[in-house]
Amino acid sequence: MRLTILSTLLFAGTSLSAGSALAAGELNLICAADVVICEQMQGDFQKAHDIKVNMVRMSSGEAYAKIRAEARNPKTDLWWAGTGDPHLQAASEGLTEEYKSPMLDQLQDWAKSQAESSGFKTVGVYAGALGWGYNTEIFKQKGYKEPVCWADLLAPELKGEIQVANPNSSGTAYTALASLVQIMGEEKAFEYLKALNGNISQYTKSGSAPVKAAARGETGLGIVFMHDAVAQTAEGFPVKSIAPCEGTGYEIGSMSIVKGARNMENAKTWYDWSLKPEVQSRMKDAKSFQLPSNKTAEIPKEAPRFEDIKLIDYDFKTYGDPEKRKALLERWDREIGAVAN
């Protein structure tokens, strides 16, 4: 009898230990947001869960390329943040896993729409409008007029004063490219981009890098998501953010579980956790001023509100389609990238 009880206790202890080890484990994460919020999310999650997060920070385009390259032998479990277009592209190519989080009903309509349009292979985690931030001190010293419209960025005086990311590596820059095509039509958009190229000093790899350069006084203006410009202002830099007068596109920062993820349950744990209001309300502490996707999450007072911006009806389905995206990027490479300053 004692032997039976002892065996039962030993078996229970072994099962518990095995369960704990399984629950702990690891999570291999790509974070496509700014490094400060990436590190805060990683730290907060590890404090709340007995799971080690192996995080790599990269731009949205790079994240998509990595996941696509590893499709036969996935090394990434979850891709958090970054613009929605490459997430939608990954979903349409079967690179990501369908998952309906129990948190879905708590999300804004735009976040749920992102999930539905992808067959629940991605979901919106935040949103933000495209615009730019300029260094007010540089503009004042040099007597430049405040640029409030896309057309104003073509002013001859701004030659060499503008930075924007490369749309091949940056989701921000791809959103800008797709937005201009939707605002102007493809032919006129590429005419505009060719003219704008004369004022561009650098095409950066990261989407937020241009406004960080403007904040440091290395360039006059950076075309970025407005919340990235606001973040520089919050840091004390002389940066003013602008929503273009003709209208502008916006991003739905998204999250996807990689198909064939080695740590699937841990990926789902992060997925559900990151959609909680208390987690999204913390993003402002990392000076990340996007609009959160959870309806009850606190909206940072600094966050640019959609109701104050002239937004276009951005066509996520069309411009997240692999063929459309590929065609636009190839044309950008031929007509802009090949002759870039």
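Is Pro167 buried or exposed? Pro167 counts as buried because its relative accessibility is 2%, where buried means under 20% relative accessible area, exposed means over 50% and partly exposed lies in between, with a 1.4 Å probe and protein chains only. The model is predicted, so local features need pLDDT of at least 70 and side-chain atom pairs count only at pLDDT 80 or more, while totals for chains, interfaces and linings use all residues. Residues are numbered from 1 along each chain as its sequence is written, and side-chain values use heavy atoms, with hydrogens and water left out.

**Nonpolar cores**

- The largest nonpolar core holds 80 residues, of which Leu78, Trp80 and Trp270 touch the most other members; such a core is a set of buried Ala, Val, Leu, Ile, Met, Phe, Trp, Tyr and Cys residues joined through side-chain atoms within 4.5 Å.
- Strand 4 (residues 123–135) gives the most to this core, with 8 residues; helices (H or I, at least four residues) and strands (E, at least two) are DSSP runs, numbered from the N terminus.
- Leaving aside residues up to four places away in sequence, Trp270 touches Leu27, Leu29, Met41, Gln42, Phe45, Val53, Leu78, Trp80 and Met255, a contact being heavy atoms within 4.5 Å.
- In soluble globular proteins, nonpolar side chains tend to be buried together.

**Helix 2 with helix 11**

- The axes of helix 2 (residues 35–48) and helix 11 (residues 264–274) come within 12 Å and cross at roughly 110°; axes are lines fitted to C-alpha atoms, for helices over the stretch in contact, and angles run from 0 to 180 degrees between N-to-C directions.
- Helix 2 and helix 11 are therefore roughly perpendicular to each other, given that angles under 35 degrees count as roughly parallel, over 145 as roughly antiparallel, 65 to 115 as roughly perpendicular and the rest as oblique.
- From helix 2, the contact is made by Met41, Gln42, Asp44, Phe45 and Ala48, and from helix 11 by Asn266, Thr269, Trp270, Trp273 and Ser274.
- The residues of this contact between helix 2 and helix 11 divide into 5 nonpolar, 4 polar and 1 charged, where Ala, Val, Leu, Ile, Met, Phe, Trp, Tyr, Cys and Pro count as nonpolar, Asp, Glu, Lys and Arg as charged, and the others, Gly among them, as polar.

- Pro167 is found in the loop between strand 5 (162–165) and helix 7 (171–184), and it touches Ala173, Tyr174, Leu177, Arg325, Leu329 and Trp332 when residues up to four places away in sequence are not counted.
- Helix 7 and helix 8 (residues 186–197) pack at an angle of about 125°, with their axes 7 Å apart, and these two helices are therefore oblique to each other.
- Leu177, Leu180, Val181 and Met184 of helix 7 meet Glu186, Lys188, Ala189, Phe190, Tyr192 and Leu193 of helix 8, and the residues of this contact divide into 8 nonpolar, no polar and 2 charged.
- The axes of helix 7 and helix 14 (residues 322–335) come within 11 Å and cross at roughly 95°, and helix 7 and helix 14 are therefore roughly perpendicular to each other.
- Here Tyr174, Leu177 and Val181 of helix 7 meet Lys324, Arg325, Leu328, Leu329 and Trp332 of helix 14, a contact with 6 nonpolar, no polar and 2 charged residues.

- Ala81, in the loop between strand 3 (78–80) and helix 4 (84–92), has a phi near 80°, a positive value in a residue other than glycine, and at 0% relative accessibility Ala81 counts as buried.
- Lys287, in the loop between helix 12 (277–281) and strand 10 (291–292), has a positive phi of about 55° although it is not a glycine, and Lys287 is partly exposed, with a relative accessible area of 33%.

**Helix 10**

- Helix 10 (residues 226–234) is mostly covered, with 7 of its 9 residues buried, namely Met226, His227, Asp228, Ala229, Val230, Ala231 and Gln232.
- The buried residues of helix 10 pack against strand 4, helix 9 (209–215), strand 7 (221–225), strand 8 (239–242) and strand 9 (250–257).
- Just after helix 10, Gly236 takes a positive phi of about 100°.
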